[in-house]
Amino acid sequence: MKYQPIIGMEVHVELSTNSKMFCGCSADFFGVAPNTHVCPVCLGMPGTLPVINQKAVEYTIMTGLALNCQIQPHNVFARKNYFYPDLPKGYQISQYELPLCLNGYVDIETEESDTPKRIRVRRAHLEEDTGKLTHVNNHSLVDLNRAGVPLLEIVTEADIHSADEAYAYVTKLRQLVRYLGVSSGDMEKGAMRCEVNLSLTDPETGEWGTKVEVKNLNSFRSVRNAIAYEIERQTKVLSKGGTIDQVTMGWDENRAITFLQRTKEGDTGYRYFPEPDLPPLDLDPAWIEEIKTGLPELPDAKMARYTGDFELTQKEALVLVEDRSIAEYYESVVAVAGDAKGVTPKLVSNWVSGELFRLLGESGRNIADVEIKPARLVALIELVNANTINQPAAKKVFGVMFKSGRPPQEIVEELGLQQISDEDQLVSIARQVIADHPDPVEQFKAGKETVINFLVGQIMRVTRGKANPQLAEQALRELLQS
Amino acid sequence: MELYTLTIHQAQEKLRYGETTSVELTESVLERIAQVEDKVGAYISVQEDLALQMARFADERRATGEDNPLLGIPLGIKDAIITGGVPTTAGSRILEGYIPPFDAATVARLRQAGAVFIGKTNTDEFTMGGSTEYSAYCLTRNPWDLTRVPGGSSGGSAAAVAADEALGALGTDTGGSIRQPASFCSVVGLKPTYGRVSRYGAIAHGSSLDQIGPLAKDVEDAAILLGGIAGHDPLDATSLNAPVPDYVVEMKRGDGLKGLKVGVPTEYFVEGMEPGVKTAIRAAIDKLADLGAEVVDVSLPHTQYGIAVYYMIVTAEASANLSRYDGVRYGLRQDGVDMWDTFRQTRETGFGPEVKRRIMLGTYALSAGYYDAYYLKAQQVRTLLRRDFEQAFEQVDVMVAPTVPGVAFEIGEKGDDPLQMYLIDVLTVMLNLAGVCGISVPCGFSEGMPVGLQIIGPALGESGILRAAYQYEQVTAWHKQKPGIG
């Protein structure tokens, strides 16, 4: 029997503010010596008090707006009480009844359908992260550098129905937070952490099965694999007439299996109540409006513009939009090109997602380090358009530009890559090629049209790639037909 | 005359005119401590060397021409307030040996002003109590009768000031912990408006109720100390961003109490009030009228719910505030067989019975299924109580009532009956719930034990209550009477 998976996701996003959520300590904890980015406040020392980091609130509002959420003007922080050595105060300051963002959605692309699928976002709220425990032999070491780092929790409705959709959702989420610049979104560094609530629905009765929570999903791959594994596991149990317990499972990346972490006790034990150390946070609507106005153009809007105004295909647009800095570079080139010069958005797209991506990939460099000024890439394309150089030469020039950032004209001259477009010169070379290759010439004359490519190739060889291929072919045809 | 008997403003005058030095003043106070401390037990710890060092530094500062009302003045600091580099226990075993790495905002301000810190005064464990008997360290006795309690939880501060073991002191007040011991020990105690004084560095008990305030020998000293600690603090999100007036100037304004409208909340003259207390309070109210105040009856109709609401909220907040004492980072650690057992053993050993009782009460009130009926309901009634005060202050400038319905009781008398102990707070907790300010001033004796008059003001109405208290003090001599110890 085929069951329908019903999946809801909770994603924790570490916000990349300079300081922590409630104190002035640096929020940068990755690769830092243990317990060095700490102070009395984030160590939970007696007598200390929290003060809200306004930047974190701003980042949350930005994300909420990007997720099409309603931003709540009246906000209350709450204490979530539980004991654990990585939680210095014995409670986490979070939001409970009144979160910052409510009722949004994200549209994701799926393999099954051409139209995007909508995943509803139930809420997004701001809280503080816990510290980190390292288990050594029989002991646990506590590092509180991460304790108090602002954390955004984004909760979806149970709108996800497959591992691929979950994968597409978290990928989209990462793209959004990166576009907004509110988080690195690096799952491998713990800047994004996923929890999945999954149950299987019986297609005949339509009844929802028991919800199982899967934690420790620390990479995109593990999100997909863990869900796929858990669907299979539960299907097997149910097919044999078994029942699913309400439990929390962990994901073992190495063995690629889920394992029982703990039996569910529910959130009844957290004793949430409004944080008395922080007055309610009432947001000025003008501030929310200001943040809204300042939002960058988001991927969905970019896609629409690229496929519309720029006449790119869905596929072409997708690769450019993927990363905000790539898209920005692309757009700066398009902007310099303007309308007049015959350097179309499509041509620019070919160069950016072709040669540029290839060289970035080979060199391991980042788009931010690319030294090719937009105007110079435009100039290169113009050289091709004007037949000053041919395509292979242009690639060669681009390679030099990528390394040095130098203007293309200079490189063309230095390497002597100007195309041979002088017809007399090409005719005399063509004559020599025809004389040197009597057999192919015979074949052509007998009607084997494709042989012309071989002969053009010979002209390119003799000119070391500099001949204008169209003019070379024209010269050959004229000589062969006369 | 011994220097230790001076008030802050008297001492200040002598220091200013070079008649004495901070070192002499501090030595005098330390000698007094040596004389009477074994009887009174006001301090958990005394930092003699540090105090003398601070006194020398204050004298050096004065020699350069510096002057301010607290420069060189020896003070006691309640041990529930964080003092950088000096052990701070909150009266609890769980913080034994803990030396904090920073100052409370109030302590930092006093340090900046050049005050001298004598020692850390005794308190009920985590300020939870009304007799200072719940301290894990020592027993504090009432200087007026050593068989009686000094009140609490700032009993150490009140006793120290009453016994001349400090010129003034800081206390904390969550439900009456400054005013009640002030009443029991015949000193002045002021609970500021919630947010008037930074809570940063006050070891949290009930976060929405806690305030740090002064205990002093007279009203002027209380005004000086309040001026020294009040003001906005960016490290406390609940602190108020309002200018701090010169309280000493403000309280001396006006001709007697002409033009002042004084309300007497009828509900505060509760059943079971000691007759001697009632007599003293009535006489004090007559004195205010003599000074020109217009006295009218007012009503605070939700008063009867005060104690229930208070204990619901304060224990809920405390149950979370005390979760940080887990033995992982500081203070006591009692190793168990595993992590959970270590938590359990540490808290089992470190906390006393009253603290455990309150953690259990608060945890229960916040539990799922009970939250709406207890904590949420209490918050709703708290809003009503707050409104009572707002409406009353539309009619009057200040209100007066007893601070406590009785006088200091015998040591051990109520220790076994927590409910009796809770009921002592009946007239003080309302102010904390409403967030308003109040002061207790000595107003007589009942059967030989001091009685305090509570003067209540609206939010940020400190100048008004200080004025009423100061004028009252000018025409009475209760504050000049000293207990006969040592």
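This is a predicted model: local features need pLDDT of at least 70, side-chain atom pairs count only at pLDDT 80 or more; totals for chains, interfaces and linings use all residues.

**Entry 1: a pair in chain A.** With which residue does Arg358(A) form a salt bridge? I found Glu362(A) as the partner, with the closest N and O atoms 2.8 Å apart. A reminder to myself: side chains of opposite charge can pair when their charged atoms come close.

I then checked where the two residues sit. Both belong to helix H8 (residues 345–363) of chain A, and being 4 residues apart there, they are separated by about one helical turn. The general rule I keep in mind is that an α-helix has 3.6 residues a turn, so residues three or four places apart point the same way. Arg358(A) is partly exposed at 40% relative accessibility, while Glu362(A), at 57%, counts as exposed.

**Entry 2: salt bridges in chain B.** I looked up Arg62(B) next and saw its side chain meet that of Asp67(B) in a salt bridge, 3.0 Å from N to O. Arg62(B) is buried, since its relative accessible area is 15% and the cut-off for buried is under 20%. Asp67(B) is partly exposed at 37%.

Another pair is Lys252(B) with Glu220(B), whose closest N and O atoms lie 3.4 Å apart. Lys252(B) is in the loop between helix H8 (247–251) and strand S7 (261–265) of chain B, and Glu220(B) is in helix H7 (residues 219–229) of chain B, so this pair ties together parts that are 32 residues apart in sequence. Lys252(B) is partly exposed, with a relative accessible area of 37%, and Glu220(B) is buried at 13%.

I also noted a network: salt bridges with shared partners join Arg79(A), Glu275(A), Asp277(A), Arg199(B) and Asp236(B). Over all chains, I get a count of 55 salt bridges.

**Entry 3: the sheet of chain B.** In what order do the strands of the sheet run? I read S1-S3-S2-S4-S6-S5-S10-S11-S9-S7-S8 for the 11 strands of this open sheet in chain B, with mixed pairing. Strand S1 (43–46) and strand S8 (294–298) of chain B stand at the edges with a single partner strand each, so one side of each has no neighbour in the sheet. From one strand to the next, the twist averages 30°.

Strand S5 (residues 188–191) and strand S6 (residues 211–216) of chain B pair in the antiparallel sense over 2 bridges, and Gly189(B) has Leu215(B) in S6(B) as its bridge partner.

Helix H3 (residues 48–63) of chain B packs on the sheet, where it touches S1 and strand S3 (116–121), and its direction makes about 155° with that of S3(B). Helix H16 (residues 462–474) of chain B packs on the sheet as well, with S5 and strand S10 (437–446) among the strands touched, and its direction makes about 20° with that of S10(B).

**Entry 4: helix H4 of chain B.** Which residues of helix H4 (residues 105–113) of chain B are buried? I listed Ala105(B), Thr106(B), Val107(B), Leu110(B) and Ala113(B). The buried residues of H4(B) pack against several elements of chain B, including H3, S6 and H7.

**Entry 5: two helices of chain A.** Helix H14 (residues 451–462) and helix H15 (residues 469–481) of chain A pack at about 120°, their axes 10 Å apart. That angle makes H14(A) oblique to H15(A), and their crossing is right-handed. Among the residues in contact I noted Leu455(A) and Ile459(A) of H14(A), and Leu476(A) and Leu480(A) of H15(A).

Terms used
Residues are numbered from 1 along each chain as its sequence is written. Chains are lettered from A and ligands numbered from 1 in the order in which they are written. Side-chain values use heavy atoms; hydrogens and water are left out. Two strands pair if DSSP finds at least two bridges between them. Axes are lines fitted to C-alpha atoms, for helices over the stretch in contact, and angles run from 0 to 180 degrees between N-to-C directions. Contact means heavy atoms within 4.5 Å. A salt bridge is a side-chain nitrogen of Lys or Arg within 4 Å of a carboxyl oxygen of Asp or Glu. Buried means under 20% relative accessible area, exposed over 50%, partly exposed in between (1.4 Å probe, protein chains only). Angles under 35 degrees count as roughly parallel, over 145 as roughly antiparallel, 65 to 115 as roughly perpendicular and the rest as oblique. A crossing is left-handed if the near helix is turned anticlockwise from the far one by less than a right angle, and right-handed if clockwise.
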